[in-house]
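Open the structure in a viewer and keep the selection tool at hand. The stops below concern aromatic rings and the charges over them.

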Amino acid sequence: PYFNLVPQTWNWNQHPTSTGATLSGHLKTSNEGVIKFFSTYSHSQSGLQYPDLAASPGDLQDIALNNRNFYGQVTTVQNLKDWILHAGVSLGHDTDSINLKRLSVQENYLSAQGRVKLSRTWSEYFKLHTGMETAITDYTFDYREKENHFAFEGDFTEILPAVYLEAESKPLPRLALRTGLRHEYSSVIDQHATAWRASAAWLLNQDWQASVAAGSFYQTPEEDIVRYATGLRFEKANHFIANIQYEKDRRLLRAEMYQKDYRNLVTFNEAHFFDPTFYRNSGEGYARGLDLFYRDRKTFRNLDYWISYSYVDAKRIYRTYPAKVRPHFAPEHSLSLVAKKWVNSISTMFGATVSWASGRPYHDPNKEGFMTETTRGYNDISVNASHLLSLWGQQTILYASVSNLLGNENIFSYRFYEQPDTQGNFASMPVGPSAKRFVFVGVFLTIR
């Protein structure tokens with residue numbers, strides 16, 4: 001019914017459907033502790049007609065998606081005299097089934113994790129945190145092409161244990177320091193890594209605070225890489241961040257600058273992505289930028305608004321990139337304005353968001369060079385309203401929202417057909433949302 005009211009970009013032969021359930025709770029223990037549990041399950045299906053980029057422009061193919069997801073966790077906090085114990089275990093299972101005209105893909109992701117953390121406050125000037133955690137991942141991937149019966153099965157099991165030690169200290173009344181070390185091991189790539197982290201915060205006066213942070217971070221290459229190649233190393237990032245914050249009289253101003261350097265990023269040959277001998281840790285990159293944030297809850301009565309701006313200078317060579325360029329997911333400039341107004345006489349909260357971002361780079365095979373083209377800028381004005389009322393004696397919220405109110409044609413990138421036409425040009429299609437606008441109306445009841 002919704003798609004009959006709101007025009008869609010694609011023809012859906014299986015409208016998106018989903019079912020889900022969530023169960024959570026907590027239990028207090030005798031030693032002033034608490035045990036909490038949370039679990040959620042969802043099942044979703046959808047199918048649409050999408051351009052077949054391996055064929056001629058205008059040819060469509062049916063794409064069917066089926067997903068099942070479960071996640072559950074149990075956590076506890078216990079007071080052990082001088083120490084505070086935080087512990088938890090979790091289990092997750094995700095299954096994806098993708099069916100296209102020429103191929104089908106089955107992915108299964110099973111993960112389990114356990115964590116234990118001990119904290120002790122020695123004095124108001126020194127705290128210590130230590131702990132360990134283990135993550136176990138079992139992943140299977142089944143890829144099959146229908147015409148030539150080609151099949152590929154990739155699977156791996158990763159055990160990722162880690163230990164860490166972190167100290168908090170206040171050597172001066174207005175200076176707080178935090179330092180830490182973390183060591184981890186990945187069984188799937190058979191690599192050890194030790195990361196360091198440090199931060200300092202200085203309270204300049206009652207209204208101003210400055211802080212700096214630095215650290216190293218390691219990551220096992222993602223599943224869509226490790227399923228083909230395991231003879232790799234950790235990908236590494238070094239972060240350096242500095243910010244200053246002013247807060248007074250319900251107004252907040254924060255500015256942050258950062259530099260992030262990436263090493264050992266995985267590169268491979270797109271034409272031989274099944275061959276593990278083409279995978280290397282030869283990529284690198286950086287991201288540096290500035291974030292500004294201002295929030296004001298005082299100037300206008302019952303109005304809360306905030307403005308945020310981000311500038312990002314980023315380049316990297318990784319995956320199938322042949323050169324070091326700005327990645328497709330990192331626009332140079334982003335700006336947003338959010339406002340919320342409470343109208344007491346009608347018990348309603350009105351909200352609006354204005355978002356703008358500069359264009360994103362993309363690669364056009366019809367042009368010389370790599371990632372030399374840029375989409376036009378992103379523009380969006382969204383509005384919402386929440387009305388508080390009572391139904392059957394229960395607190396109820398009536399909520400309505402409309403995204404992209406003006407119906408702007410926002411394009412995130414372009415995809416190109418694999419075969420050129422008779423003039424040698426590759427046809428393209430824009431990548432954008434499935435509809436210009438998204439309309440939502442909901443009624444939420446709190447039953448007590």
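Select Y318 and Y321 to begin: both are buried, that is, under 20% relative accessible area, where over 50% is exposed and in between is partly exposed (1.4 Å probe, protein chains only). This is a predicted model, in which local features need pLDDT of at least 70 and side-chain atom pairs count only at pLDDT 80 or more, while totals for chains, interfaces and linings use all residues. Residues are numbered from 1 along each chain as its sequence is written, and side-chain values use heavy atoms, with hydrogens and water left out.

Next, the ring pairs. Rings of Phe, Tyr and Trp (its six-membered ring) pair if their centres lie within 6.5 Å; planes under 30 degrees apart count as stacked, over 60 as edge-to-face and the rest as tilted. This rule gives 28 aromatic pairs. Select Y228 and F274: the ring centres are 5.5 Å apart and the planes stand at 85 degrees, so this pair is edge-to-face.

Y228 is buried, at 10% relative accessible area, whereas F274 is partly exposed, at 25%. Return to Y318 and Y321, whose ring centres are 5.1 Å apart with planes at 75 degrees, so they too form an edge-to-face pair.

Now widen the selection to F141, Y143, F150, F152, Y228, F268, F273, F274 and Y279, a cluster linked by ring pairs.

A charge sits over a ring if NZ of Lys or CZ of Arg is within 6 Å of the ring centre and within 35 degrees of the ring normal. R227 lies over the face of F141, 3.7 Å from the ring centre. R316 lies over the face of Y262, at 4.8 Å from the ring centre.
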